[in-house]
Amino acid sequence: QVQLVESGGGLVQAGGSVRLSCAASGSIVANDIMGWYRQAPGTQRELVASITRSGSTNYADSVKGRFTVSRDNAKNTVYLQMNSLKPEDTAVYYCNYKDWPRGMNYWGKGTLVTVSS
């Protein structure tokens with residue numbers, strides 16, 4: 001099992017920035033993918049950004065150029081730097097840990113990011 005603890009959510013004005021952090025613990029594997037998903041009212045949960053241990057990234061089109069995902073492998077922590085925030089970025093952001101070899105997914109409890117107009 002992998003446990004994920006997110007931090008950094010809150011209220012921010014449009015155009016502002018927020019940095020999310022997620023620390024993983026438990027049955028960490030060598031080949032894993034960490035990232036962030038979000039779910040806004042009336043929408044399905046969607047991928048925001050993900051990153052491998054080697055640094056390969058994947059972003060949703062809606063956040064490219066504004067968000068940056070990074071990770072510290074020594075700390076088993078993934079970060080999401082969110083800049084130029086828009087009201088449509090308002091959502092609960094969930095940390096995701098993918099155990100590639102075993103095909104398992106683990107989720108954090110989520111942290112709410114609210115962007116005001």
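Let's begin with a pair of charged residues: the side chains of arginine 71 and aspartate 32 meet in a salt bridge, with 2.8 Å from N to O. Arginine 71 belongs to strand β7 and aspartate 32 to strand β4, so this contact ties together parts of the chain that are 39 residues apart in sequence. Keep in mind as you look around that this is a predicted model.

How accessible are these two partners? Arginine 71 has a relative accessible area of 15%, and because buried means under 20%, this arginine counts as buried. Aspartate 32 is buried as well, at 3% relative accessibility.

Arginine 53 forms a salt bridge with aspartate 32, and here the closest N and O atoms are 3.0 Å apart. Arginine 53 sits in the loop between β5 (46–52) and β6 (57–59), while aspartate 32 is in strand β4 (residues 32–39), so the pair joins parts that lie 21 residues apart in sequence. At 27% relative accessibility, arginine 53 counts as partly exposed. Aspartate 32 therefore pairs with an arginine in strand β7 and with an arginine in the loop between β5 and β6.

Side chains of opposite charge can pair when their charged atoms come close. In this model, the count comes to 6 salt bridges.

Now turn to arginine 66, which forms a salt bridge with aspartate 89; the closest N and O atoms are 2.8 Å apart.

Finally, let's look at the backbone, where two loop residues deserve a visit. Asparagine 76 has a phi near 50 degrees, a positive value in a residue other than glycine. You will find asparagine 76 in the loop between β7 (67–72) and β8 (77–82). Its relative accessible area is 19%, so asparagine 76 is buried.

Serine 84 also has a phi near 50 degrees, again a positive value in a residue other than glycine. Its place is in the loop between β8 and β9 (91–99). With 40% relative accessibility, serine 84 counts as partly exposed.

Methods:
Residues are numbered from 1 along each chain as its sequence is written. This is a predicted model: local features need pLDDT of at least 70, side-chain atom pairs count only at pLDDT 80 or more; totals for chains, interfaces and linings use all residues. Side-chain values use heavy atoms; hydrogens and water are left out. Helices (H or I, at least four residues) and strands (E, at least two) are DSSP runs, numbered from the N terminus. Buried means under 20% relative accessible area, exposed over 50%, partly exposed in between (1.4 Å probe, protein chains only). A salt bridge is a side-chain nitrogen of Lys or Arg within 4 Å of a carboxyl oxygen of Asp or Glu.
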